[in-house]
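This report goes through selected features of one structure, with the cut-offs stated where each term is used. The sequence and coordinates come first.

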Amino acid sequence: MPFANYKVPQGTLTAEQKEEIIHKTTDLFAHYFGEDVRPYTMVLVDEVVDGGWGRADETLTLAKMQQQQAPSD
């Protein structure tokens with residue numbers, strides 16, 4: 001059974017965006033493994049609480065991510 005698990009910061013995706021991720025991921029698995037896997041494909045979209053994840057030994061928050069994305073003058 002194909003399985004995908006996405007972890008995203010809490011509150012960053014709408015219900016419609018999550019549904020789109022589920023549909024597109026299922027389509028991707030069906031494209032590579034054939035239509036027979038579609039009914040058995042599982043996709044989880046988990047929301048991680050702010051500050052509940054990190055990268056490169058740094059705890060990330062939405063505020064830090066937004067600060068990193070802000071254009072520099």
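The model is a predicted one, in which local features need pLDDT of at least 70 and side-chain atom pairs count only at pLDDT 80 or more, while totals for chains, interfaces and linings use all residues. Residues are numbered from 1 along each chain as its sequence is written, and side-chain values use heavy atoms, with hydrogens and water left out.

Tyrosine 40 counts as exposed because its relative accessibility is 55%; buried means under 20% relative accessible area, exposed over 50%, and partly exposed in between (1.4 Å probe, protein chains only). Together with Met1, Phe3, Met42 and Leu44, Tyr40 forms a nonpolar patch on the surface, with about 560 Å² of accessible area in total. Patches are made of residues with over 30% relative accessible area and no salt bridge, like charges being joined within 9 Å and nonpolar side chains (Val, Leu, Ile, Met, Phe, Trp, Tyr) within 5 Å; the areas come from the Shrake-Rupley method with a 1.4 Å probe, and for residues only the protein chains shown count as cover.

Thr25, Thr26, Phe29 and Ala30 are buried in helix 1. Because they cover an arc of only 135° around the axis, they lie on the same side of helix 1, the arc being that of the directions from the helix axis to the C-beta atoms. The buried residues of helix 1 pack against strand 1 (3-9) and strand 2, and threonine 25, leaving aside its neighbours within four places in sequence, is in contact (heavy atoms within 4.5 Å) with Ala4, Tyr6 and Val43. The face turned away from the buried side carries the exposed residues Glu16, Lys24, His31 and Tyr32.

## Salt bridges

The structure holds 6 salt bridges, each defined as a side-chain nitrogen of Lys or Arg within 4 Å of a carboxyl oxygen of Asp or Glu. One of them joins lysine 24 to glutamate 20, with the closest N and O atoms 3.0 Å apart; as these two are 4 residues apart in helix 1, they are separated by about one helical turn.

Another pairs arginine 38 with aspartate 27, at 2.8 Å between the closest N and O atoms. This pair links distant parts of the chain, 11 residues apart, with arginine 38 in the loop between helix 1 and strand 2 and aspartate 27 in helix 1.
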